[in-house]
Amino acid sequence: MTGPDAARLVTLAAIWGASFLFVRIATPVFGVLATADVRMLIAGGALAAYYAVTGFDVQWRRWWRYYLAIGVLNSVLPFLLFGYAALYLTVGLLVVLNATSPMWGAVLSALILRERLSFGRIAGLVIGVAGVAIVSGADASDRWLAVGAGLGGAFCYGLTGVVMRRWASQASSKGMAAGSLLAGGLLLAPLLVALPPAWPGVPVALTLLALGLVCGAVAYVLYFRLFADIGATGALTVTYLIPIFGFAWGALFLGEAITPTMLGGALVVILGTVLVLRN
């Protein structure tokens with residue numbers, strides 16, 4: 001991995017770690033539904049505009065059904081679930097729950113794609129479950145519904161990868177990014193019109209803008225550049241770094257405590273993720 005690639009990887013982890021901070025700030029003020037929908041519309045619209053300027057063909061007519069399906073699975077459902085979880089959980093716990101996505105993907109690949117689960121992956125899954133139990137018990141002993149919502153969002157991310165490999169492998173990943181985000185945003189838009197949220201105020205409005213433009217559009221551009229330069233496995237190593245930044249942003253901007261138990265549980269989850277992705 002070259003120096004610029006490493007810099008892009010760290011930057012992407014910092015951005016995606018910050019996305020949970022922004023959700024934690026915006027959702028209690030703007031609402032779960034409105035926050036999810038606005039971030040999708042901003043991110044999808046910005047990517048679509050960028051592709052139009054650069055001449056990339058998203059092929060809407062050919063792939064719109066897949067964009068819609070993946071939009072529901074990879075954006076609508078996890079954004080709503082993590083938005084609900086953000087009402088009750090810390091940024092640190094949210095990023096740890098998100099880090100279980102590759103573990104869900106490994107289990108679902110074995111069930112749906114009939115892939116073999118190696119000993120290393122099984123060990124990673126067991127270790128990851130133990131890590132989630134440690135960190136959840138330390139920080140959310142009376143908020144298991146919110147923890148379940150966060151795990152449900154991570155499950156959706158893991159299922160997305162399996163579904164795309166099984167049924168949408170020929171679709172462009174760049175087109176899928178813009179198409180799924182925009183389709184998901186448009187799907188929820190009627191609800192946003194029917195139940196208009198109150199004006200969030202300038203600070204939260206700027207948070208929503210950052211959530212859509214930076215954590216959505218810019219992050220996807222960085223991710224696809226990494227995907228092209230260092231491959232899928234290398235790009236997925238960003239999963240290891242996101243919890244580190246999530247803990248840091250939560251402590252720095254919201255004053256969230258980083259307890260030894262929380263930190264130890266997060267490290268156990270990361271270890272499980274490493275084993276799952278490397279085997």
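Is Thr-100 buried or exposed? Thr-100 is buried, at a relative accessible area of 4% (buried is under 20%, exposed over 50%, partly exposed in between, with a 1.4 Å probe and protein chains only). Here are some notes to go with that.

1. A word on the model. This is a predicted model, in which local features need pLDDT of at least 70 and side-chain atom pairs count only at pLDDT 80 or more, while totals for chains, interfaces and linings use all residues. Residues are numbered from 1 along each chain as its sequence is written, and side-chain values use heavy atoms, with hydrogens and water left out.

2. Around helix H5. Thr-100 belongs to the loop between helix H4 (91–98) and H5 (helices are DSSP runs of H or I with at least four residues, strands are runs of E with at least two, and both are numbered from the N terminus). H5 covers residues 101–112, twelve residues, and spans 16 Å from first to last C-alpha, close to the 16 Å expected at 1.5 Å a residue (the expected span is 1.5 Å times one less than the number of residues). Among its buried residues are Pro-102, Met-103 and Leu-108. Just after H5, Arg-114 has a positive phi of about 60°.

3. Aromatic pairs. The whole structure holds 14 aromatic pairs (rings of Phe, Tyr and Trp, the last by its six-membered ring, with centres within 6.5 Å; planes under 30 degrees apart are stacked, over 60 edge-to-face, the rest tilted). Tyr-50 and Tyr-51 make a tilted pair, with 5.9 Å between centres and 50° between planes. Tyr-50 is partly exposed at 42% relative accessible area, whereas Tyr-51 is buried at 2%. Elsewhere, ring pairs join Trp-16, Tyr-220, Tyr-223 and Phe-224 into a cluster.

4. Charges over rings. Arg-39 places its charged end over the ring of Phe-79, 3.7 Å from the centre (NZ of Lys or CZ of Arg must be within 6 Å of the ring centre and within 35 degrees of the ring normal). Lys-174 does likewise over the ring of Phe-56, at 4.6 Å from the centre.

5. H1 against H10. The axes of helix H1 (residues 3–30) and helix H10 (residues 238–254) come within 7 Å and cross at roughly 45° (axes are lines fitted to C-alpha atoms, for helices over the stretch in contact, with angles from 0 to 180 degrees between N-to-C directions). H1 is therefore oblique to H10 (under 35 degrees is roughly parallel, over 145 roughly antiparallel, 65 to 115 roughly perpendicular, the rest oblique).
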